[in-house]
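The sequence and structure come first.

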Amino acid sequence: ALPELTDEMKYSSEFLFEKVSMGSDQSPELPLRPKMTPFFQRGVKKMFEKHSDLKLGDKKVLDRKALARWMSTCVNSSLPASRQLKIGAHETGISAVLSRYSQMHGSGRLTYDEFENLYLEVAWSGFVRDVRENKAKYLANGKGQFQTPSADVGVLFRGKKNTEGILKEATLELVWRDLEAHGIFSPAEEERVQLLKEMESLVTATTSDKSDLLMDECELFDEYEHRLAHQTYSDENENDMLGVKRDWDAVHKREKSSHELVEMTANGQVPKRVRDGQFCFIDEESCIGCTQCATIAPSSFKMIEDTGRARAFSQSESIDVESAVLSCPVHCMHMMSFDELKELEVARDDGDGRTDHRHFGNGKSHKPLHVSRRDSDANHKSSWYHYLKGKCVGSSCPQRGCFDCPKYNPGENPFFIERHKQSEHVRALDFKASGEADKWRKVAEL
């Protein structure tokens with residue numbers, strides 16, 4: 001078995017900064033120098049490209065809205081759903097970043113070079129602080145002799161505003177948080193995955209009939225479950241991280257209801273990649289067509305041309321989806337279980353067999369109620385979402401076990417909690433049965 005991958009190994013500062021040559025007789029001030037490694041540069045570039053949608057001449061830039069999306073993605077990645085923050089374009093933190101790093105004073109934009117300078121200085125300041133606080137650790141790890149740096153060494157750009165405000169709390173942990181929030185993982189972790197694949201090949205070739213693969217569900221859903229749940233597919237990447245070929249048709253995908261595209265476990269009853277409570281349904285009758293969700297998470301949400309309203313066409317647990325939900329100005333995006341999503345989408349697309357509220361579904365054009373300045377529609381129901389949720393007052397509620405139950409806070413319905421435990425058990429068995437968990441399972445001779 002591979003040795004434990006500790007945080008110290010996974011988040012080594014050597015993955016971010018170039019080493020200092022030790023050839024000179026004079027001890028360097030620090031074992032590393034403030035120059036990004038290719039890995040760090042690629043990571044910063046990926047973050048910039050993800051959020052930049054505005055061009056200044058022939059170069060992309062981050063405006064205030066893009067910076068708000070970037071900051072929301074970073075900050076909310078470490079917060080539970082109940083404490084997610086909605087960061088606006090004119091937040092103090094964004095203004096501080098612009099005033100310190102933007103060369104185009106007053107423009108409200110950052111170029112890629114300026115965005116790179118931001119991460120270079122924040123990471124370097126965090127590294128200097130780490131050395132000052134843990135110099136014995138660096139010396140013990142054989143990184144050579146060097147002087148203890150002053151805190152001032154962490155400041156790379158002199159004579160600029162907000163030095164204290166931005167760099168006072170700068171740490172390497174924040175930099176790694178931002179990278180992982182954008183799907184950029186430590187080289188040590190990627191190397192470990194590769195070694196696990198090689199071990200799997202070796203085990204397959206050498207194990208006898210007396211061998212067995214041992215792994216319980218707690219282990220499966222501990223360190224690597226998020227990898228299994230967040231495998232994504234795109235036009236550029238037809239294979240998932242496990243090398244399994246997937247059918248991918250972006251056009252066909254956008255034409256179907258999102259629940260029809262959800263990958264299910266072998267029993268066809270439990271979603272495999274996305275947990276109940278992480279499915280998103282947009283109450284289209286309440287949508288104002290602001291395009292926020294489609295801009296923040298274009299791989300999950302789209303705008304419908306004939307109505308101007310938003311719709312979820314692909315379900316995932318991406319942090320972009322969470323950011324999009326938080327950005328909705330009229331709170332018409334609702335998180336729910338798969339069964340709730342299916343019920344609402346079928347009603348929206350096909351109706352429920354009744355003819356007295358046909359305008360809810362069947363793709364008919366319908367103005368949002370606040371746009372038409374009406375308190376309710378002819379049936380005194382504002383939308384499919386509110387109509388179906390309003391029916392949850394009979395004898396079948398709350399025994400149906402909905403995540404979005406009107407009688408409880410989201411996810412606190414006791415019947416949902418019990419059902420969710422059973423679903424997790426089914427998911428674990430399916431991951432093991434399909435072989436996707438094998439590379440993280442322990443091999444033992446029986």
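In this predicted model, V61 has T111 of strand β5 as its bridge partner. The strand β5 spans residues 110-111 and runs antiparallel to β4, with two bridges joining them. On β4 there is also a pairing with strand β3: residues 54-56 of β3 and residues 59-62 of β4 are antiparallel over three bridges. Within that pairing, L56 stands opposite K59 of β4. The hairpin of β3 and β4 has two residues between the strands, and G57 takes a positive phi near 70° there. As a general point, side chains in a regular strand alternate between the two faces of the sheet.

| Strand pair | Sense | Bridges | Residue pair |
|---|---|---|---|
| β4 and β5 (residues 110-111) | antiparallel | two bridges | V61 and T111 |

Helix α6 covers residues 135-140, and K135 belongs to it. Is K135 buried, exposed or partly exposed? The relative accessible area of K135 is 21%, so K135 counts as partly exposed; the cut-off for buried is under 20%. Between K135 and Q147 there are 9.3 Å in space, C-alpha to C-alpha, and the two are twelve residues apart in sequence.

Rolling a probe the size of a water molecule over the atoms shows where empty space is left. How many cavities of 30 Å³ or more does a search of the whole structure find? The search finds three. For the largest cavity, the volume is about 90 Å³. Its lining consists of 17 residues, and those nearest the centre of the largest cavity are C287, C290, C293, C328 and C332. Helices α13 (292-296) and α14 (319-327) each supply at least two residues of this lining. Sorted by class, the lining of the largest cavity holds 13 nonpolar and four polar residues, and no charged residues.

The average pLDDT is 77, and 71% of the residues score at least 70. Over residues 207-215 the pLDDT is below 50, and this stretch has 23 contacts in the model beyond near neighbours in sequence. Residues 228-253 also have a pLDDT below 50; for this stretch the model has 44 contacts beyond near neighbours in sequence.

Methods: Residues numbered from 1 in each chain as written. Predicted model: local features only at pLDDT ≥ 70, side-chain atom pairs only at ≥ 80, totals over all residues. Heavy atoms only, no water. pLDDT = per-residue confidence, 0-100. Contact = heavy atoms within 4.5 Å. Helix = DSSP H or I, 4+ residues; strand = E, 2+ residues; numbered from the N terminus. Buried < 20%, exposed > 50% of the residue type's maximum accessible area, 1.4 Å probe, protein only. Pairing = 2+ DSSP bridges. 1 Å grid on protein atoms, 1.4 Å probe; cavity = no way out; pocket = protein on both sides within 12 Å on 5 of 7 lines; lining within 4 Å. Points joined across faces, edges and corners; volume = space filled by probe spheres on them. Nonpolar A, V, L, I, M, F, W, Y, C, P; charged D, E, K, R; others polar.
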